[in-house]
Amino acid sequence: QSMAAYASFKYKPNSKFVFQSGLRYNYVLAKADFTENNVFLNLPFDSTKLNAGALTGTAGISWIPSNMIQWKLNASTAFRAPNIDDIGKVFDSEPGSVVVPNPNLRPEYAYGGELGLKLNFDNVFVLDMATYYTFLDNALIRRDFTLDGASEIEYDGELSNIQAIQNASKEWIYGFEVGAKLHISNRLQLTSQYNIIGGTEQDNEIEVPVRHIAPNFGNTHVTWSNDNIQIDAFAEYN
């Protein structure tokens with residue numbers, strides 16, 4: 001079950017400045033019951049519960065000092081509660097290992113900021129760029145685990161290493177993105193985008209690359225169009 005309430009606020013004193021912010025309170029409840037399955041699993045607990053609430057917020061400004069320049073600055077917080085799979089599923093993740101529920105899981109929290117700049121040269125050439133940074137605290141990650149002091153359990157007839165999702169990591173994710181649009185003529189247009197992403201996480205007090213971070217990637221399009229036809233030649237790269 002999940003419930004939330006939010007409020008937002010926008011302030012625009014003139015055409016060159018906009019301030020917008022919001023607050024949201026989230027409340028999440030979840031429960032997994034293992035009573036029947038414990039005939040086979042022999043877990044030292046019959047259920048896991050999650051009862052978590054979080055207040056998150058965002059604030060941002062947009063400043064347009066001229067027709068050519070637009071600045072954007074945003075700050076935000078976010079949270080993700082463990083889902084029913086995280087607290088309620090038993091599965092063999094790989095040969096010789098089994099993932100069990102962790103009754104002590106808590107939500108993970110993110111804190112981020114972004115700075116953007118848009119340059120518009122008479123709508124002939126437009127350059128749009130932004131850089132961002134996110135800190136993820138109490139990140140959910142799969143690690144070795146113990147049940148009643150034991151690091152191994154018999155599962156499906158095989159002695160397996162015990163693992164569980166845990167709030168055992170911190171992550172830092174950062175990046176830069178840039179896009180350009182060039183109107184060569186009324187019918188011919190070139191657009192291009194590129195993204196640079198990086199990140200590290202804390203793994204047993206050592207910083208290592210974050211899993212699932214995409215490689216640097218981008219695309220370039222050259223399009224020609226008239227009233228009835230559009231032709232698009234493009235490249236994707238990473």
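Is asparagine 123 buried or exposed, and what is the relative accessible area? I looked this up first. Asparagine 123 is exposed, with a relative accessible area of 51%; I used under 20% for buried, over 50% for exposed and partly exposed in between, with a 1.4 Å probe and protein chains only.

The model is predicted, so I noted its limits: local features need pLDDT of at least 70, side-chain atom pairs count only at pLDDT 80 or more, and totals for chains, interfaces and linings use all residues. Residues are numbered from 1 along each chain as its sequence is written, and side-chain values use heavy atoms, with hydrogens and water left out.

**Backbone**

I found asparagine 123 in the loop between E7 and E8; helices (H or I, at least four residues) and strands (E, at least two) are DSSP runs numbered from the N terminus. Asparagine 123 has a positive phi of about 60° although it is not a glycine. I then checked asparagine 138, which sits in strand E8 and has a positive phi of about 55°, again without being a glycine. Asparagine 138 is partly exposed, at a relative accessible area of 30%.

**Pockets**

I took a pocket as an open set of points on a 1 Å grid over the protein atoms alone, where a 1.4 Å probe fits, with protein on both sides within 12 Å along at least five of seven lines; lining residues have an atom within 4 Å of a point. The largest pocket holds about 350 Å³ of space. It is lined by 21 residues, and Asp128, Met129, Ala130, Glu177 and Gly179 are the closest to its centre. Strands E4 (69-80), E7 (108-121), E8 (125-144), E10 (158-183) and E11 (188-203) each supply at least two residues of this lining.

The second largest pocket has a volume of about 280 Å³. Of its 15 lining residues, Leu140, Ile141, Glu171, Arg211 and His212 lie nearest the centre. E8 and E10 are the elements that give two or more residues to this lining, and E8 gives the most, with four.

**Cores**

I counted as a nonpolar core a set of buried Ala, Val, Leu, Ile, Met, Phe, Trp, Tyr and Cys residues joined through side-chain atoms within 4.5 Å. The largest has 13 residues, and Leu43, Val100, Phe145, Leu147 and Ile162 have the most contacts inside it. Leaving out residues up to four places away in sequence, phenylalanine 145 touches Val100, Pro101, Asn102, Ala150, Ser151, Ile162, Gln163, Ala164 and Gln166, with contact meaning heavy atoms within 4.5 Å. A second, separate core of 11 residues includes Val28, Phe79, Ala81 and Ile87.

Methods:
Points joined across faces, edges and corners; volume = space filled by probe spheres on them.
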